[in-house]
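The following paragraphs lead through one protein structure. Please keep the sequence and the model in view while reading.

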Amino acid sequence: MKILHLSDFHYKSDKKGVAAQNMLVEKLLQSLQAVGPLDLFFFTGDLVFSGTNPQDFTSAYEDLLKKVGEQLSIPKSMVFMCAGNHDVDRKAISEPIKDFIRNTKEPEELTKIVEDDKDDVFGLSCKPTNNFHQFHKDFYRKGIEHEADDVNRLYSTHIRQLGKWKIGIVTINTAWCSSGNDDKENLYFPRTELEKAIETLSKAKVNWKILLLHHPLTDLREYNKIDLEDLIYSEFHLMFSGHLHKREDFIRLMQSEGIFGTYSHAAFTKKDEGKIGYTVLDIDLDTLEISIQRHILIMMKKIFSPSKK
């Protein structure tokens with residue numbers, strides 16, 4: 001199973017932004033020529049710089065995801081993504097609702113907000129990611145019709161067959177309560193929503209479970225992080241994240257099971273501490289061996305070079 005992992009493109013529609021992004025995508029496509037065909041393409045959030053304009057998501061798809069998929073012969077049905085903090089329409093954030101959710105102290109309180117599904121609470125809390133959600137649903141419309149995909153406001157599930165292996169992919173919206181300014185240790189994701197996604201994979205009898213999320217779990221409120229960690233580490237085999245704009249890998253062992261997690265470099269960033277790059281993983285599902293290739297953009301030469309780390 002060969003996977004391309006990209007994250008954090010931060011698409012902008014202004015002339016200066018488009019010019020810089022087009023140059024980057026051109027260099028990326030040149031570098032990917034040597035990679036060859038892949039099975040899956042994961043993009044872990046921040047497709048756009050701002051989620052206010054719905055058209056930006058479509059433009060970012062055309063300018064990046066579609067071109068990369070065609071370059072690597074990856075069909076649209078094998079491209080998967082999750083929401084990031086930049087995909088949020090910050091003009092739609094309700095401060096009272098944000099404060100209400102941040103005052104929760106127990107997992108049951110989060111569950112109640114979602115299960116009650118009130119327009120003036122849960123509805124308003126989801127409004128900032130509505131543009132991403134609509135793009136997400138449209139992207140998988142055919143898969144939804146054939147029940148291979150299920151796209152909800154807080155998570156999505158995708159069932160795919162790769163040779164003899166049935167793969168189950170879950171994406172979760174860790175940007176649900178993101179404001180972009182003070183997210184660290186102030187984000188939330190209801191455990192019950194993740195349990196619903198896991199149940200879907202279990203009913204499909206998948207062999208491999210993969211989780212995509214934008215933020216590191218440490219960005220969740222402490223009680224929420226603790227509530228989710230054991231579930232994620234015991235149920236999923238692979239976890240892909242973004243947001244950090246730098247590479248980081250980890251392995252967690254839970255009794256007889258284990259999970260491998262990886263964070264991607266940014267596809268485009270101006271942060272001093274961040275790096276632009278991409279990752280290719282080759283996973284032997286029989287032997288569980290993982291080969292990782294990382295390529296970093298050398299700005300002076302404007303080429304992607306294999307990372308030495």
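Rings of Phe, Tyr and Trp (its six-membered ring) pair if their centres lie within 6.5 Å; planes under 30 degrees apart count as stacked, over 60 as edge-to-face and the rest as tilted. The model is predicted, so local features need pLDDT of at least 70 and side-chain atom pairs pLDDT 80 or more, while totals for chains, interfaces and linings use all residues. Residues are numbered from 1 along each chain as its sequence is written, and side-chain values use heavy atoms, leaving out hydrogens and water.

A search of the whole structure finds 13 aromatic pairs. One of them, formed by Phe80 and Tyr140, is stacked, with 6.2 Å centre to centre and 15° between the planes. Phe80 belongs to strand β3, whereas Tyr140 lies in the loop between α6 and α7, 60 residues apart. Helices (H or I, at least four residues) and strands (E, at least two) are DSSP runs, numbered from the N terminus. Phe80 is buried, with a relative accessible area of 0%; buried means under 20%, exposed over 50%, and partly exposed in between (1.4 Å probe, protein chains only). Tyr140 also counts as buried, at 2% relative accessibility.

Another pair, Phe122 and Trp176, is edge-to-face, with 6.1 Å centre to centre and 65° between the planes. Phe122 lies in helix α5 and Trp176 in the loop between β6 and α8, so this pair ties together parts that are 54 residues apart in sequence. Phe122 counts as buried at 4% relative accessibility, and Trp176 counts as buried at 2%.

One aromatic cluster includes Phe42, Phe57, Tyr61 and Phe80 among its members.
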